[in-house]
Amino acid sequence: MSQGSDFFDAASLVVAHDETHAFEAVVPPLVQTSLFTFSSYDEMVATYRGEKSRPVYTRGLNPTVRMFEEMLAKLEGAEDALGFASGMAAISSTVLSFVSPGDRIVAVRHVYPDAFRLFGTLMKRMKIDVTYVDGRDEAAVEKAMPGAKLFYMESPTSWVMEAHDVGALAAIAKRHGALSVIDNSWASPIFQTPLALGVDMVVHSASKYLGGHSDVVSGVVAGSKAMIDRIRAEAYPYLGGKMSPFDAWLLIRGLRTLPIRMKAHQESALAIASRLQALDVVEAVCHPGLANRLPPGLNGTSGLFSFIFREGVDVRAFADQLQLFKLGVSWGGHESLIVPGEVVLEQKAQPNSAHTFGISARSVRLHVGLEGTEALWNDLEPAIRAASAAA
Ligand SMILES: *Cc1c(COP(=O)(O)O)cnc(C)c1O
């Protein structure tokens with residue numbers, strides 16, 4: 001019998017590991033650990049002095065998270081990237097790293113509702129002002145910009161899909177000395193690489209297309225080394241919204257199929273959007289791919305768009321008849337989803353709830369997933385017919 005534990009030899013649980021080759025696994029290892037140990041005092045003190053760079057604690061640096069950050073930086077054509085626990089953590093940490101009390105932000109109207117609420121609550125209390133402009137109106141953007149510290153964009157916007165000439169808007173911001181940030185979750189780097197268009201920083205909700213399987217909540221920002229270093233030095237460790245290693249591992253898996261998933265979302269969503277547009281009971285379809293041309297720099301379209309029913313269609317009957325399309329927020333995964341505008345307008349508990357983000361009661365947002373165009377249309381079309389007859 002060994003000394004110490006009378007139950008089992010606990011020292012036998014210490015496993016030998018092979019950190020350089022990771023057993024030659026084809027899938028990168030998931031380094032699911034909170035801390036990293038040092039082999040000697042000397043190694044520890046060299047690390048603390050900054051003479052040696054290596055992981056110490058996962059809130060600072062984790063190899064699996066770092067691997068995802070490097071992949072994403074490459075996709076966005078960025079020098080560096082930084083992963084976060086959510087898209088909102090990426091947005092708040094990025095914006096807060098570059099503004100101070102008394103500064104003004106210019107933002108395109110209809111930005112992601114929780115970004116709008118961040119600007120309208122916490123940042124308002126910090127005396128940071130936000131001016132909203134229609135991003136399609138370059139003269140209005142130009143007029144709002146003098147004196148602004150930061151220009152916050154999202155294109156297309158995630159309900160009414162207002163699509164902007166991102167390069168032209170970034171140039172206006174640059175001319176006025178404002179830093180520009182864009183939320184690129186909708187297009188993904190497959191269809192839009194904003195840094196190449198002159199934008200300074202790109203944020204993503206990686207919970208959407210980057211992950212692609214509806215099993216992760218996380219976010220990321222990409223940009224120049226200097227800008228990412230500033231976020232890494234100030235907001236990132238202390239606000240502490242760190243991406244988890246497991247989420248990074250799932251995102252690395254997601255990125256491998258990103259190009260083919262985006263192509264499939266694009267094809268199905270475009271086909272369904274044009275069939276909806278041809279229906280009498282549909283007043284309008286908000287999908288940038290239905291316009292004569294996409295704005296410069298947007299090289300494809302994804303699975304998220306909305307449409308507006310004509311008066312008299314029973315949206316509740318439509319929603320409840322659908323089988324493949326599930327009622328649910330978020331998007332970017334395999335499954336198709338709907339959100340009825342009239343339900344969103346019931347959301348009274350949120351700050352600034354009077355703001356509608358362009359959402360009308362007769363509109364419905366669709367996320368077209370990967371189930372196949374015909375199967376999805378065979379779900380939608382009878383539900384629309386029944387809901388129109390019920391009215
Ligand atoms: C979901 C979403 C966010 C927020 O991301 P989380 O990961 O949910 O925090 C930001 N922007 C857009 C466009 C989104 O759809």
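So, the contact between the two domains: 36 residues of domain 1 touch 44 residues of domain 2, where contact means heavy atoms within 4.5 Å. Keep in mind that this is a predicted model, where local features need pLDDT of at least 70 and side-chain atom pairs count only at pLDDT 80 or more, while totals for chains, interfaces and linings use all residues. Residues are numbered from 1 along each chain as its sequence is written, and side-chain values use heavy atoms, with hydrogens and water left out.

Domain 1 runs 4–255 and domain 2 runs 257–390; those bounds come from an automatic or database domain assignment. Their centres, over C-alpha atoms, sit 28 Å apart.

How much area do they bury between them? About 3300 Å², with 65% of it on carbon and sulfur atoms. That's accessible area (1.4 Å probe) lost on putting the two parts together, summed over both. On the domain 1 side, Trp-159, Phe-191 and Tyr-209 lose the most area to domain 2, together 30% of what that side buries.

Then there are 17 residue pairs in polar contact between the domains, both residues at pLDDT 80 or more. A polar contact is a pair of N or O atoms within 3.5 Å; within protein, one must be able to donate a hydrogen and the other to accept it, and residues adjacent in sequence count only if both atoms are side-chain atoms.

Okay, the ligand. Oxygen atoms of the ligand lie 2.8 Å from a backbone N or O atom of Gly-87 and 2.8 Å from a polar backbone atom of Met-88. Ser-205 brings a polar side-chain atom, 2.9 Å from a ligand oxygen.
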